[in-house]
Amino acid sequence: LTLRTAAGSAGLALDHNGLLLASRCGSDAATVMSARQCGYFRRGLAQLLQLVNQGVDNPALHVRRFQVLRDRFSVDNGLLHPDGELNRDMVFQRYRHIVDDMYEYQV
């Protein structure tokens, strides 16, 4: 899941959908960085992901943990393949410390 940023915003201002999510969950987050730090935003995103999970039959594919990252995933930074698919090896290499932290403590 990528929070898209507003065009021409140096990549940090949330786009319309991100601002709408923030508004709906009572957050005043307007940037990716403020969304990362806002409990209301994170709770709203977790609730949205629970709804998405309900539409996925295979529990192994459910999103259980997430992080709001500052970096945009793109072909230019190697996080996406040219066909738009996630470059899992590169994502894991770059964010291994975050993934490890997410799974260090079982919920």
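Helices here are DSSP runs of H or I with at least four residues, numbered from the N terminus. In this predicted model, the elements of the chain run α-α-α-α from the N terminus on.

**Whole chain.** Start with everything selected and coloured by secondary structure. The chain has 4 helices and 0 strands. Colour next by relative accessible area: of the 107 residues in the chain, 26% are buried. Shown as a surface, the chain exposes about 7,800 Å², and carbon and sulfur atoms supply 51% of that area. If you display contacts with a separation of 6 or more, 30% of them are accounted for by residues 24 or more positions apart.

**Helix α3.** Select residues 39-54, which form helix α3. This helix has 16 residues, and the distance from its first C-alpha to its last is 23 Å. That span is close to the 22 Å expected at 1.5 Å a residue.

Centre on Leu51, which lies in helix α3. Is Leu51 buried or exposed? Its relative accessible area is 55%, and because the cut-off for exposed is over 50%, Leu51 counts as exposed.

**Helix α4 and the salt bridge.** Move on to residues 88-104, helix α4. How many salt bridges does a search of the whole structure find? The search finds 1. Select Arg96 and Asp100 to see it: their closest N and O atoms are 3.8 Å apart, which counts as a salt bridge because the limit is 4 Å. Side chains of opposite charge can pair when their charged atoms come close. Both residues lie in α4, 4 residues apart, about one turn of the helix.

With the pair still selected, check accessibility. Arg96 has a relative accessible area of 46%, and the value for Asp100 is 41%. Both residues are partly exposed, because that class covers values between the 20% cut-off for buried and the 50% cut-off for exposed.

Methods: Residues are numbered from 1 along each chain as its sequence is written. This is a predicted model: local features need pLDDT of at least 70, side-chain atom pairs count only at pLDDT 80 or more; totals for chains, interfaces and linings use all residues. Side-chain values use heavy atoms; hydrogens and water are left out. A salt bridge is a side-chain nitrogen of Lys or Arg within 4 Å of a carboxyl oxygen of Asp or Glu. Helices (H or I, at least four residues) and strands (E, at least two) are DSSP runs, numbered from the N terminus. Buried means under 20% relative accessible area, exposed over 50%, partly exposed in between (1.4 Å probe, protein chains only). The expected span of a helix is 1.5 Å times one less than its number of residues. Contact means heavy atoms within 4.5 Å. Accessible areas come from the Shrake-Rupley method with a 1.4 Å probe; for residues, only the protein chains shown count as cover.
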